[in-house]
2 protein chains.
Amino acid sequence: MKIPVNLSCVKPKKYTVFVNELDRLDIDAKVMIVTNPTVASLHLEKLLSLLHVKEFHVITVPDGEVYKNFETLNTILEKCFEHRLDRKSVLIAFGGGVIGDMTGFAASIFQRGIDFIQIPTTLLSQVDASVGGKTGINNAFGKNLIGSFWQPRAVYCESAFLKTLPKREFSAGVAEIVKMAVTFDADFFAWLEKADLNTHEDLDYAITSSIRIKSDVVAQDEKEMGIRAVLNYGHTFAHVVENETKYEKYLHGEAVAIGMVMANCLAQKLGLISKSEFDRVKALLKKYNLPTSYTPASYDSFYDAFFLDKKSANNSIKFILPCSIGSYAIKNDIDKATVIASIREAND
Amino acid sequence: MKIPVNLSCVKPKKYTVFVNELDRLDIDAKVMIVTNPTVASLHLEKLLSLLHVKEFHVITVPDGEVYKNFETLNTILEKCFEHRLDRKSVLIAFGGGVIGDMTGFAASIFQRGIDFIQIPTTLLSQVDASVGGKTGINNAFGKNLIGSFWQPRAVYCESAFLKTLPKREFSAGVAEIVKMAVTFDADFFAWLEKADLNTHEDLDYAITSSIRIKSDVVAQDEKEMGIRAVLNYGHTFAHVVENETKYEKYLHGEAVAIGMVMANCLAQKLGLISKSEFDRVKALLKKYNLPTSYTPASYDSFYDAFFLDKKSANNSIKFILPCSIGSYAIKNDIDKATVIASIREAND
């Protein structure tokens, strides 16, 4: 005996990323703002002065990737219950990627899912992490291994919050901007080569362009069954670099810069990009003082670490490579020797 | 500046509930079977003899609602990582409602969501909990307060597994069958009055009919924005009864039986059902030795407890009431005195 269950077509999810329009944010519900001590001390007052909201509470959780775990998640959830949030309440993620990932995850499982709003305060999270609905926490087995796909109700990117960002963190954000340009938009890449992201005007344009690219990709492929994987360009290598250096030596964006150079070595070896294209990407990364080389303790261990990554289903590694600037190729049939040779060359 | 993110229309979710077809289950992926010691000792051998699967592991977690918490959830997830499950792996929930809720929740957050299959082994979970995708765990603030909507890939209901079910648990399952009939299907209710669910034939028909009703409802309203709330008939009262008796005195289905009688008192008071309809429902519950009365320590406290329930958004209580047998009414404007009078009468 078979009984079919056919769920009605779910309404397609829609939301808007607002750039420099935070003063228009109006929420007719109870709100919990999740932030960290650094962001709270720098920007909470400004946020509260702009926000039109019925009732709000604030929870600050410790800053940093090491606190993106079950314990902090639980602290956030318990605070929501203590303040009697209900199914109509809204969480606000006010901080960088760590705050965004945890707040989104908490929203997705609080009473089986409530709305959340992203107000990213770092360049990295404005151009990348805040759009796309990937949420999660780390555990002993790795990063973002527990989480959900949960789209925000809206995203508010304010360039004002970036003024206090340390230079190194700013550059780490630039790495993700470069990532989008290399794989999706040659014109944007050429513009970036001439631009100065330390000026307001150029920065706003770069943020808006990156969000547009990211939004287009996510709109086509929310759950990373296809094109969304291209956003991982540089990341397969970066994850190993971060792991080997215990997430201490490099910021995520810095590791991505190194990862892109490694991927580009591989792409050049396979004839997908030219020497001059390789040099142009590296020069752009260097312009923002991003690291472009890394020496693994062991090339074999570096290679083996790919297979611990959650994306390596069925023991084949999927490499996202540029295919001239502005386009991409996905390869999963590259032999070990070629990969290792590329990692070695990236270090030259 | 506004950038829209319009996610493509998600494919409507579809799955099948198979009744007595477990021998056809064939899974081409790594599988983690989540069960408890009782079910494992009684039925795991049989399950493994029927299952066609590439590679499997088994985790047994302690039996009972008190273990439906973050700690057990974490144990399940860690086991999945230890055995290197990936995004194509499948969890199997092999047990009652507690196992189903936790396994479904684990599946929904493991690497941002993998498939799971329900093989419910209690009558209650076969007719109710296993269909519909509500997953979750309890915390200090209440039941099922953390969780997700995550539909199974398939559900396999086997009447063979019900043979070992204690009489009391069997009756608790019957309560949910009665619930579906009272609110949705007068013919099914009339059939139940004459049936003997201790016979195979009648039991199979009752299970199949209940699943059909549940599936129809869930298909229309996955996230309980409307009609799905009707499945909570009896439950608003039952949750308070369970809470007051610390989940020790009554099985969930037993509390639902009491809750339905309370709801029916209210329905009768409001002229929605007749005295004879009230009596027919009560008689059917008594036929399966289900409790039909309960004396709260304080009627005021009982009433106040409604407002702690997660469904009581914005401080109004939504009562699901029968409207003659086979139909329902949803009321959220009933005054306190009438509600308390009904709870009191249910106890007469």
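These legends accompany close-up views of a predicted model.

**View 1. Chain A as a whole.**
Chain A holds 12 helices and 11 strands. Its C-alpha trace spans about 65 × 60 × 35 Å along the principal axes. A compact globule of 348 residues would have a radius of gyration near 20 Å, and chain A agrees, because its value is 20 Å. Of the 348 residues in chain A, 48% count as buried.

Domain 1 of chain A covers residues 16–163, and domain 2 covers residues 166–346. Their C-alpha centres lie 26 Å apart. Where they touch, domain 1 of chain A supplies 17 residues and domain 2 of chain A supplies 24 residues. On the domain 1 side, the elements giving two or more residues are β2 (14–19), α4 (123–129) and β8 (142–149) of chain A. Of these elements, α4(A) gives the most, with five residues. The domain 1 side is made up of nine nonpolar, six polar and two charged residues.

**View 2. Chain A against chain B.**
Here 53 residues of chain A are in contact with 52 residues of chain B. Several elements of chain A give two or more residues to this side, including β1 (2–6), α2 (70–82), α3 (97–109) and β7 (134–139). The helix α7(A) gives the most, with seven residues. By residue type, the side of chain A that touches chain B has 26 nonpolar, 16 polar and 11 charged residues.

Strand β2(A) is joined to strand β1 of chain B, residues 2–6, by five bridges. The two strands run antiparallel. At one place in the pairing, A:K14 stands opposite B:N6. At another, A:Y15 has B:V5 as its bridge partner. In a regular strand, side chains alternate between the two faces of the sheet. In β1(B), the covered face has B:I3 and B:V5. The uncovered face of β1(B) has B:K2, B:P4 and B:N6.

A:Y15 lies in strand β2 of chain A. Is A:Y15 buried or exposed? A:Y15 has 21 other C-beta atoms within 10 Å, and the cut-off for buried is 20 or more, so A:Y15 is buried. Leaving out residues up to four places away in sequence, A:Y15 touches A:Q151, A:P152, A:R153, A:A154 and B:V5. One of these, A:A154, is 139 residues away from A:Y15 along the chain. Even so, the C-alpha atoms of A:Y15 and A:A154 are separated by 5.4 Å.

**View 3. The nonpolar core around A:V34.**
The largest nonpolar core has 210 residues. Which residues touch the most other members of this core? They are A:V34, A:I92, B:V34 and B:I92. Take A:V34, and set aside its neighbours within four places in sequence. A:V34 is then in contact with A:I59, A:V61, A:I76, A:L91, A:I92, A:A93, A:F94, A:I99 and A:T103.

Notes. Residues are numbered from 1 along each chain as its sequence is written. Chains are lettered from A and ligands numbered from 1 in the order in which they are written. This is a predicted model: local features need pLDDT of at least 70, side-chain atom pairs count only at pLDDT 80 or more; totals for chains, interfaces and linings use all residues. Domain bounds come from an automatic or database domain assignment. Two residues are in contact if their C-beta atoms, placed from the backbone, lie within 7 Å. Helices (H or I, at least four residues) and strands (E, at least two) are DSSP runs, numbered from the N terminus. Ala, Val, Leu, Ile, Met, Phe, Trp, Tyr, Cys and Pro count as nonpolar, Asp, Glu, Lys and Arg as charged, and the others, Gly among them, as polar. Two strands pair if DSSP finds at least two bridges between them. The radius of gyration is taken over C-alpha atoms; the globule rule is 2.2 Å times the number of residues to the power 0.38. A residue is buried if 20 or more other C-beta atoms lie within 10 Å of its own, exposed if 12 or fewer, and partly exposed in between; C-beta atoms are placed from the backbone. A nonpolar core is a set of buried Ala, Val, Leu, Ile, Met, Phe, Trp, Tyr and Cys residues joined through C-beta atoms within 7 Å.
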